[in-house]
Amino acid sequence: MKSNKNSILKDKRLKTIVVIMLVIFSILILRLLILSFNSNAKIKTNTIKDRALRGSIISSEGYTISRSIKIYSASFHTAYLDPNKKEFFLKLFSIYSNIPMQELKKRLLDKNGKPKKGWVTLSDNIDAKTAIYLKELKYKLNRFKVFTSKGINKNFFYGLTITQKGEKREYPLKEALSPILGYTRSKDDNGYSYIVGFNGIEKFYNKYLNKKVDGLVKGKRDATGYIIHTKSTKYQKKKNGYNLILNINLGLQKNIDYILDSYKLKLEAKEVIAAVMDSRSSKILAITSSNRYDPLHITQEEIENLQPKATTYSYEAGSVLKPVTYSLAIDKGLITPKTIINTENGKMYVDRFKITDDEPAYSLDAEHIIIKSSNIGISKIAWKMKGKEFRNGLLKFGLGRQKSGIDIGREAAGKIYSLKKLRYPVNKATTAYGYGIQVTFAQLLKAYNVFNNDGVSYTPRVVNYIKREDGNKYQLKKDYTVIKPITKESANIVKDTLIKVVKQGTGRAAITEGLEIGGKTGTAMIAGRHGYEKRYHTSFFGFANDQYGHKYTIGVLVIEPKYERHFASQSAVPVFKKIVDAMIERDMLKPNLSRQKAAEKQREQELKKSIIKEKQQENIIDLKEKLRRQREQLIKKQREIIRKRKMLHKTKRVKKRVIRKKKVIRRVAPSPAADSSQDLF
């Protein structure tokens, strides 16, 4: 018994050893075959790229304003397509890609209308979602053998090929932030299209948005083309471009868009521009225009709006420049707010050039020259300064050929008379009240910030910081310019004067109870080929502060309002007031009101909300009623269709019965021959 057991055990061991040996032998043979195939095919290495994308532009609240998405191309080789299954292939591709059949058939033909040979691109603008669907279709087509092998290698064929073509820019909110946002164009790099910024923020921060690293895997590949992952295989992680996080509050921006749109229509103006800046940090919270565009669908009429006029449009500012002249004279100790100036009863000649005031007075103190906006008074204040003093003072405010430095792209330069020309009293006078000098909207916004920030102003900034997708934030290492044209004491004197302009002068329409509001109006005629014409720029630059430390510098420019509303007090100031109201609604400004007034305000807001709700409810009721009527009409139509169908069925049945009866009658009825035979008998 023992000998039998030993022999059985030996047999089992031998069998297992033989099986193991066979497995090892087969693996070795397979390995040798693969190696020999690879050596014959001369396949060395392969690189798989994962293309990185341009960074996104995001508002302060986290809304994506601009982003890039991958686009793919779909192609196939005509030699491998089964001709009998061509129609089947095109139908399926049309369903999956949502491209009409007729369009696909056109793409299979060349310029002469003959069938293309070789590689044919069916679409080169496929999004990621559609690309996934088409990849699924690829495997289905292979299962149905729509593409077949040709030539020497019968096991190989090219099927439907989906490849990453490049990237394209998306603007989910369409015209939001235009024109300061700018737009993009695609550039080709060996068949791959990437995005480049044109104008605005897209161009200004192009190097950060496009600072990306493609992901890749590089190594030896096997016979089937797949990379063999070994120690020598190289890996590189993909890094998309930096995202820009803006200071722009999109909610406020869109609210101001609506205000500017309505006032452009009301004033019949060419354009209305406005901006809100945090006075302490110079962060731009909103900067917009009534003339906007969708960056992906720019029309011929919108081409002139591509450049943001806030930085690229220079103009004669008019009376908004008077506080700058006033501040320079105060800072140099040449005048005080109470210095009396002879204003010549509203009319004065300088070298045969007439200077007039809208509100004539024999004399005014320096403060009331600003409040009453006296051209004669501010001219005489400017004459107290030497030409060099005056010019250097304006340059210190960031005017002239200097640029504001705002980070939204190209800026136009301003213009100031040369020292030689400023020797003439008339040139110094006109410059003092904003004629003969050219400025940009951004320059004035930066200059006026001096009065609301203790004599200091920084470069206005639209972008807050940049960050990678991993969440790491980076502050931009850019030297933002600082201007300190006057002392803190001088700035506060001018600030008090600007508050009085709103309370007593041309800015009364900007009064908002419970807030500190100051500013200056400006109405300037536009120069044409033959001198000044009855066309105007109206503006209002100022500030709005509350008791909780919120301080904002706000600017409004109206380009060519209708003549009946050409004064800034009638056009620019009401826009300023609406912007302040919008900021109050968003709790960016909190008026200091008495309990009674605060309660009244709250009641007003609640009343507005209730009116809006009532309108919404009315709209919902109207919509429900429309839907009910549509439903009833559909039911009636369906019933009518059913009734007609039943009638058709009935008529068909009746016809069938009639036919059957006729057939039966024919069978039963005696023939004429039979009848005649019966008669014979």
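The model is a predicted one.

Start with the sheet. Five strands build it, in the order β12-β11-β25-β24-β23. The sheet is open, and its pairing is antiparallel. At the edges sit β12 (284-289) and β23 (516-528). Each of these edge strands pairs on one side only. On average, neighbouring strands of this sheet are turned by 10 degrees against each other, direction ignored.

Now look at one pairing inside the sheet. Strand β11 covers residues 271-278, and strand β25 covers residues 551-559. The two pair in the antiparallel sense over eight bridges. To find one of them, go to D278: its bridge partner in β25 is Y552.

Helix α15 (residues 441-448) lies across β11, β12, β23, β24 (531-545) and β25. It runs at about 150 degrees to β25. Helix α17 (residues 572-585) also packs on the sheet, where it touches β11, β23, β24 and β25. The direction of α17 makes about 140 degrees with that of β25.

Turn next to the crossing helices. These are α9 (residues 322-331) and α16 (residues 488-504). Their axes come within 9 Å and cross at roughly 140 degrees. The two helices are therefore oblique to each other. The crossing of α9 and α16 is right-handed.

Which residues in α9 and α16 meet? From α9 come P323, Y326, S327, I330 and D331. From α16 come S490, I493, V494, T497 and L498. Of the residues in this contact, six are nonpolar, three are polar and one is charged.

How values were computed: Residues are numbered from 1 along each chain as its sequence is written. This is a predicted model: local features need pLDDT of at least 70, side-chain atom pairs count only at pLDDT 80 or more; totals for chains, interfaces and linings use all residues. Side-chain values use heavy atoms; hydrogens and water are left out. Axes are lines fitted to C-alpha atoms, for helices over the stretch in contact, and angles run from 0 to 180 degrees between N-to-C directions. Helices (H or I, at least four residues) and strands (E, at least two) are DSSP runs, numbered from the N terminus. Angles under 35 degrees count as roughly parallel, over 145 as roughly antiparallel, 65 to 115 as roughly perpendicular and the rest as oblique. A crossing is left-handed if the near helix is turned anticlockwise from the far one by less than a right angle, and right-handed if clockwise. Contact means heavy atoms within 4.5 Å. Ala, Val, Leu, Ile, Met, Phe, Trp, Tyr, Cys and Pro count as nonpolar, Asp, Glu, Lys and Arg as charged, and the others, Gly among them, as polar. Two strands pair if DSSP finds at least two bridges between them.
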